[in-house]
Amino acid sequence: MEIPQNSAVLPETIFSAKMKKMDNELLQKLKDWRRDIAQKESVASFHIFHNITLETIASLKPKTKEELMSIKGIKERKFEKYGANVLALINGNLKSDESNVQNKERKDEKPYTISGYLNFLNTEFRRYGARVQGEVNSLDIRDNYLFLSLKDKDDKSILSCFMWKNNYELCGISLEIGMEIIVDGFPEIYPLTGRFNFRVSTIELVGEGALKKAYDKLRQKLEKEGLFSTERKKPIPEFPQRIGLITSETGAVIHDFLNNLGKHGYHTQFVNSKVEGQAAVHDLLSAINYFDDKNIDVLVIIRGGGSMESLQAFNNEALVRKIARFNTPIICGIGHEKDVPLASLAADLTVSTPTAVTVILNKSWERAFNDIQIFERDIIHKYQKVLADRKYQIEIFSSQLKRKSDFIFKKFESIKGRFGKNLVTLDYVFKNAKKILDHSSALLLNNFKKNLDQLGDYLNTTEKRLSVINPMRQLKLGYSITSIGGKIVKSVKQVKRGEEIDIQIFDGKIQSQVNNIINE
Amino acid sequence: MEKNKLKNSLKKLEEIIEWFDKQEEVDVEAGLERVKGGVALIKESKERLKELENEFEEIKEELKKETDSNNKQT
């Protein structure tokens, strides 16, 4: 609905509107005025003026009809109808003008129907919600609702109140006549009876004493039921990711919480809820109900510390029971003084501050982060060891194989060795043989020489001896040798007369003829 | 790459070693056959181990890069 309106405003108007400081107070007045008018005319408020138009008015603060008409979205017809009111609001004097205008208008306008008027009044009354303290004067509890009246202790004035039964039950308080209570609600006229009521949305006890008494009583009762027993608590999951968060959007708690929540990929779903006083019960319950069917890992309920009075919603029976039977684990981080809120006792895990909740949520993530670093180191280290082991194993096998199979080579070695040994022997034999041979030959030669020498000597001797007996020597001495036919003649019988003989003498031969043979 | 190649090779090697232990008198020819097989397995295993080592170093490097970049981010 805002979009077409934006285009209806000239860009420069938007620009100048943005440039000038917007009067927020005036804007609020304009909005209130617009709501009233819309109510009266039974139309939606944007039919009167769009937000952007009101914002432009609050920025530019037009003083005249012309100035007002220059704003886009305000045409003649609108000015006719509302121009005077708007200008009066800007000038800060609507009150008198308004009544004038309304007086004037009333004569012209249709009268309200009863229903319309009561409706208008009741809508107006809504703005006058309050907390009212008094003593329970009368009490009438019906099936679905109850009537009660509160009496002012000082002047005995009475406030009649109406309350729905379910709201009453939600409060967790049993009303009794004479009880001092605070009711929270707004005034209204019940159209069917025309009766004025204070519509009570919630009741709270007055004073720490009463609260403490109610607290102790409820605590005892729920304890007896086993609502707080550790057996029924659900474990908080490790590595929570989807977090439901219930707290108030105002105040430091939510900021502290979000700031302290680590960056671990959380998806935080936040539901704003009142956390202060009895009035917070309804908000808290509907916030928890909201998460009933939401896919979350853990639901976190937090608020800062406070007195028993300001924390009383967290001691509400309905809320405590709701927390105890909630299907997802709940962590409560509710600061408190002496008495632990019953909501915290019923929660699956309770810590004393909102920040402590973030510590819990972050814990498993941070541990995992550390673990991963350790695992990373370990996996490297361990695999390195495996590799080294395998390497060593292969070395072992390889040396074993070598050792085991050495015999194959050893056999060769031994054969070779034996062969070698034989070779040496053979060699020796050869060498020996050679030596013997050498020796023999030397001996042989020696002997031979000796023999030769001996032979020589013998020859010499023989020669000498021979020379002694050499017949030539005899021939020199005058002897001669007679031979016939090559044969030496030693006897006369060898020769005959007439035969030729050779006579060898020292210096030659004489051939002669046998003349005569003389036997001696 | 075959699955469990190294494991199988080592197992076979062990079997070969055991075979030698079991024989009272080793047949030289059969023994040599096994030695040949064993040497091949050792060679193969060493190569495979080297491959694994290289692969492991790469992964380690990647992991280091990853960790470094993560540390920078946080």
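Reader: How many residues of chain B are in contact with chain A, and how many residues of chain A take part?

Author: In this predicted model, 23 residues of chain B are in contact with 17 residues of chain A. Two residues are in contact if their C-beta atoms, placed from the backbone, lie within 7 Å. The model is predicted, and local features need pLDDT of at least 70, side-chain atom pairs count only at pLDDT 80 or more, and totals for chains, interfaces and linings use all residues. Residues are numbered from 1 along each chain as its sequence is written, while chains are lettered from A and ligands numbered from 1 in the order in which they are written.

Reader: Why is Lys63(A) called exposed?

Author: A residue is buried if 20 or more other C-beta atoms lie within 10 Å of its own, exposed if 12 or fewer, and partly exposed in between, with C-beta atoms placed from the backbone. Lys63(A) has 11 other C-beta atoms within 10 Å and is therefore exposed. Lys63(A) is found in the loop between α5 and α6 of chain A. Of the 520 residues of chain A, 20% count as buried.

Reader: What makes β2 and β3 of chain A a pair?

Author: Two strands pair if DSSP finds at least two bridges between them. Seven bridges join β2 (residues 145-151) to β3 (residues 158-164) in chain A, and these strands run antiparallel. The bridge partner of Leu148(A) is Cys161(A) in β3(A). Five strands of chain A close into a barrel in the order β1-β2-β3-β5-β4, with mixed pairing.

Reader: What is the angle at which α3 and α7 of chain A pack?

Author: Helix α3 (residues 24-41) and helix α7 (residues 76-91) of chain A pack at an angle of about 150 degrees, with their axes 10 Å apart. Axes are lines fitted to C-alpha atoms, for helices over the stretch in contact, and angles run from 0 to 180 degrees between N-to-C directions. The residues of this contact divide into five nonpolar, one polar and one charged.

Definitions and conventions: Helix = DSSP H or I, 4+ residues; strand = E, 2+ residues; numbered from the N terminus. Nonpolar A, V, L, I, M, F, W, Y, C, P; charged D, E, K, R; others polar.
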